[in-house]
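Let's take a friendly tour of a protein model. Have a look at the sequence and the 3D view before reading on.

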Amino acid sequence: MDFQFSSIATLRTPFTQKFAIPRQPNLVPEAVGELVFHREFNDPNFLRQLEGFSHLWLIFVFHGHSHQNWTATVQPPRLGGKERVGVFASRAPFRPNPVGISVVRNLGSTVENKQLILRLGGVDMLDQTPVLDIKPYIPYADSIPEASSGFAKESPGHDKELIFSESALEQLAVAENSRPGIEALIRSILTQDPRPAWRAQEQDEKQYGMSLWDINIKWKMEQERVVVNAIEQETE
């Protein structure tokens, strides 16, 4: 049986590339997104009484992945990126239907220049993600304390030390002017070590880069510490 769906809104996030996006929602509370509603849903009545819910479910499309390349098994990062599990035993974006779900914080809605916007915290989605639906998170039904979680038993945590080089600190001060809070966001992302799982298990001298909005961050691992070497703003 086939169905066709249209998105109701587009999510704007800091993550302009797939690398370094948090692997689960709310691992990076500082990651804030704005849900911009399409014309037919650009009416505050659609969100009436939503302010009473602290968290929301987002149903969205993995638009940055080709769903034609999915396979029956995947290699989740939590198992080192080398052991395979069934795709339906994972949250991998490569799926028969490229649909994802995330629980995010409700930071409130606003109307700016006649455009309805819903602000969300703890997002783990690529910029311009199409959103299919919103549902309120209801603790008594959605939270199951005794639930087991297979191979993903614990949060990955923030266990890496992070330092900025002298030049990166100077660049960070400039970046904070245009993107307030970017230091906290960088720290929260990088201390979780967003490298591919197999890289984290080997001696790694590679310099990495990640993009947040229009800012490029260059960093590498040095003796189990994350060292940020450059924070460069893109110029047109």
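The report below looks at a barrel of strands and then at some salt bridges.

## The barrel

Keep in mind that this model is predicted. In it you can find a closed barrel made of six strands, in the order 1-2-7-6-3-8, with antiparallel pairing. From one strand to the next, the twist averages 45°.

Let's zoom in on one pair of neighbours. Strand 6 (residues 99-112) and strand 7 (residues 115-121) run antiparallel and are joined by six bridges.

How many salt bridges does a search of the whole structure find? The search finds seven. One of them joins Arg12 to Glu34, with the closest N and O atoms 2.6 Å apart. Arg12 sits in strand 1 (residues 9-12) and Glu34 in strand 2 (residues 32-37), so this pair links distant parts of the chain, 22 residues apart.

Arg12 is partly exposed, at 36% relative accessibility. Glu34 is partly exposed too, with a relative accessible area of 23%.

## Two further pairs

Arg195 forms a salt bridge with Asp193, and their closest N and O atoms are 2.7 Å apart. Are these residues buried or exposed? Both Arg195 and Asp193 are buried.

Lys218 forms a salt bridge with Glu232, where the closest N and O atoms are 3.6 Å apart. Lys218 belongs to strand 11 (residues 215-222) and Glu232 to strand 12 (residues 225-233), so the pair ties together parts 14 residues apart in sequence. Lys218 is partly exposed, at 31% relative accessible area, and Glu232 is partly exposed at 33% relative accessibility.

How values were computed
Residues numbered from 1 in each chain as written. Predicted model: local features only at pLDDT ≥ 70, side-chain atom pairs only at ≥ 80, totals over all residues. Heavy atoms only, no water. Pairing = 2+ DSSP bridges. Helix = DSSP H or I, 4+ residues; strand = E, 2+ residues; numbered from the N terminus. Axes fitted to C-alpha atoms, helices over the stretch in contact; angles between N-to-C directions. Salt bridge = Lys/Arg side-chain N within 4 Å of Asp/Glu carboxyl O. Buried < 20%, exposed > 50% of the residue type's maximum accessible area, 1.4 Å probe, protein only.
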